[in-house]
Amino acid sequence: VLKALCSVDGVLAANVGRLGMQGVFEVEALDGPMAQAHVDALRTGTAPSIRILHDAGGHDAGPAARAWKTGQVVSADAYLLDRSVEPWRQLGASLGFRSSGAIPLGDEAGQTFALLNIYSRWPGFFRAHGRVLFLQHVQQTFSLAALRHVQGNVIPPDRRRHFSRLIEANRMTMKYQPIVNLSTGALKKVEALGRLVDDDGSLVPPAAFLPTLGNRDLL
């Protein structure tokens with residue numbers, strides 16, 4: 001979905017994420033030519049973190065926080081002038097952002113569980129009536145699809161890429177655990193256990209890597 005959105009002329013970056021520690025928005029997937037630089041700046045503290053809850057460290061007056069709390073699509077039509085994005089204005093200017101849209105993804109009860117952010121090189125990009133309808137359509141369809149893949153913990157994109165790379169490098173191995181009849185001591189059967197061999201030779205258990213994989217990697 002992010003790749004498709006970033007193929008639209010004028011879109012520089014898109015990301016989707018959920019609440020992490022202390023209510024700070026954490027990106028789980030991203031795309032676009034400026035997406036990685038944007039996320040890296042937020043993660044390293046070059047720009048303030050995006051705060052959703054009032055008791056977290058960061059700023060909570062921006063479009064992302066308003067979209068999360070209201071459940072409505074919120075746009076910043078003039079990124080260099082909008083006061084609500086002032087904490088991130090310098091970073092946005094350096095990346096070429098001139099407008100942004102924050103699209104909350106809601107569950108069946110209408111509660112926001114994730115947020116999709118899109119950034120454009122043009123002012124007012126999200127104000128046009130056709131684009132407003134488009135974003136509302138994305139909100140409805142993407143919410144239903146994303147809800148099926150929500151895991152308990154926030155998973156950073158670099159961790160997803162790391163485990164996906166191990167899968168592609170055929171680093172999956174099988175360990176076999178004997179099942180023994182305790183009365184007779186006889187071997188009854190063996191249980192096959194999937195493990196990923198990490199770069200340092202350690203074994204990664206399924207609970208760590210399975211939630212990070214997409215359909216292709218799972219197959």
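Colleague: What should I know about the model before I start?

Modeller: The model is predicted, so local features need pLDDT of at least 70 and side-chain atom pairs count only at pLDDT 80 or more, while totals for chains, interfaces and linings use all residues. Residues are numbered from 1 along each chain as its sequence is written, and side-chain values use heavy atoms, with hydrogens and water left out.

Colleague: What is a salt bridge, and how many salt bridges are there?

Modeller: Side chains of opposite charge can pair when their charged atoms come close. The rule asks for a side-chain nitrogen of Lys or Arg within 4 Å of a carboxyl oxygen of Asp or Glu, and by this rule the count comes to 7.

Colleague: Which residue meets E28 in a salt bridge, and are E28 and its partner buried or exposed?

Modeller: E28 pairs with R18 at 2.6 Å, N to O. E28 belongs to strand 2 (residues 25-31) and R18 to strand 1 (residues 11-19), 10 residues apart, where strands are DSSP runs of E, at least two residues, and helices are runs of H or I, at least four, numbered from the N terminus. Both E28 and R18 are buried, meaning under 20% relative accessible area, with exposed over 50% and partly exposed in between (1.4 Å probe, protein chains only).

Colleague: Where does D199 lie, and what does its salt bridge with R165 tie together?

Modeller: D199 and R165 have their closest N and O atoms 2.7 Å apart. Because D199 lies in the loop between strand 7 (187-197) and strand 8 (203-204) and R165 in helix 6 (residues 157-168), the pair ties together parts that are 34 residues apart in sequence. D199 counts as partly exposed, at 46% relative accessibility.
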